[in-house]
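Please study the sequence and the structure, then work through each task before reading its solution.

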Amino acid sequence: MASRERPPASVAPGSGALPVGTLGTGQGGSGRPEPTDQLHGRVEWVGDNELLIRGNDGVEYDVGVDEQTRLYMKGEPVMGLREYREGDEVRVTWGEGPGGLVAHLVDGMPGPGAEPPRQQESAPREAPGSPLDSLR
């Protein structure tokens, strides 16, 4: 193959082809455009630095999260992946990284039957007539 010829574009899984729905391009650190895309789906699994998401297209995507990823739940910033649960609906804006997909932004909504937020959990109640009952 001559140096100016390019191999045909491949769309096979794992070939680097991006899922449908490209938003546009960002600016990569090398001055080259960095591909970005958006994915909508449900959280299947939450790891220490990655999410497994089943996209609305039925395909599972392993999306990495790094220190530059912006994380939101119901439009509000959250501190870490521990805020996401299996079944939550998410919208992820991502780009290609050295190890695969890397999230730039994750915005989630609690899935059906989601647990109440941790901040609203109440302390265990004492039985009536206990010493703490007089303090209430």
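**Exercise 1.** How far apart are the closest N and O atoms in the salt bridge of glutamate 44 with arginine 54, and where do the two residues lie?

*Solution.* Step 1: A salt bridge is a side-chain nitrogen of Lys or Arg within 4 Å of a carboxyl oxygen of Asp or Glu. Glutamate 44 and arginine 54 form such a bridge, and their closest N and O atoms are 3.6 Å apart.
Step 1: Glutamate 44 belongs to strand β2 and arginine 54 to strand β3 (residues 50-55), so the bridge ties together parts 10 residues apart in sequence. Strands (E, at least two residues) are DSSP runs, numbered from the N terminus.
Step 2: Residues are numbered from 1 along each chain as its sequence is written. The model is predicted: local features need pLDDT of at least 70, side-chain atom pairs count only at pLDDT 80 or more, and totals for chains, interfaces and linings use all residues, while side-chain values use heavy atoms, with hydrogens and water left out.

**Exercise 2.** Are glutamate 44 and arginine 54 buried or exposed, or in between?

*Solution.* Step 1: Buried means under 20% relative accessible area, exposed over 50%, and partly exposed in between (1.4 Å probe, protein chains only).
Step 1: Glutamate 44 has a relative accessible area of 28% and is therefore partly exposed. Arginine 54, at 34%, is also partly exposed.

**Exercise 3.** Describe the salt bridges of arginine 42 and arginine 91.

*Solution.* Step 1: Side chains of opposite charge can pair when their charged atoms come close.
Step 1: Arginine 42 pairs with glutamate 89, with 3.0 Å between the closest N and O atoms. This pair links distant parts of the chain, since arginine 42 is in strand β2 (residues 33-46) and glutamate 89 in strand β7 (residues 89-97), 47 residues apart.
Step 2: Arginine 91 pairs with aspartate 107, the closest N and O atoms being 3.5 Å apart. Here strand β7 holds arginine 91 and strand β8 (residues 100-109) holds aspartate 107, 16 residues apart.
Step 3: Salt bridges with shared partners also join Glu44, Arg54 and Glu60 into one network. The count of salt bridges comes to 5.

**Exercise 4.** Which residues does aspartate 107 touch, leaving aside residues up to four places away in sequence?

*Solution.* Step 1: Contact means heavy atoms within 4.5 Å.
Step 1: With residues up to four places away in sequence left out, aspartate 107 touches Tyr72, Met73, Lys74, Gly75, Glu89, Val90 and Arg91.
Step 2: A polar atom of the aspartate 107 side chain lies 3.3 Å from the backbone nitrogen of glycine 75.

**Exercise 5.** Where does valine 59 lie, and what does it touch beyond four places in sequence?

*Solution.* Step 1: Valine 59 is in the loop between β3 and β4.
Step 1: Not counting residues up to four places away in sequence, valine 59 touches Ile53 and Arg54.
Step 2: The relative accessibility of valine 59 is 39%, so this residue counts as partly exposed.

Definitions and conventions: Helices (H or I, at least four residues) and strands (E, at least two) are DSSP runs, numbered from the N terminus. A polar contact is a pair of N or O atoms within 3.5 Å; within protein, one must be able to donate a hydrogen and the other to accept it, and residues adjacent in sequence count only if both atoms are side-chain atoms.
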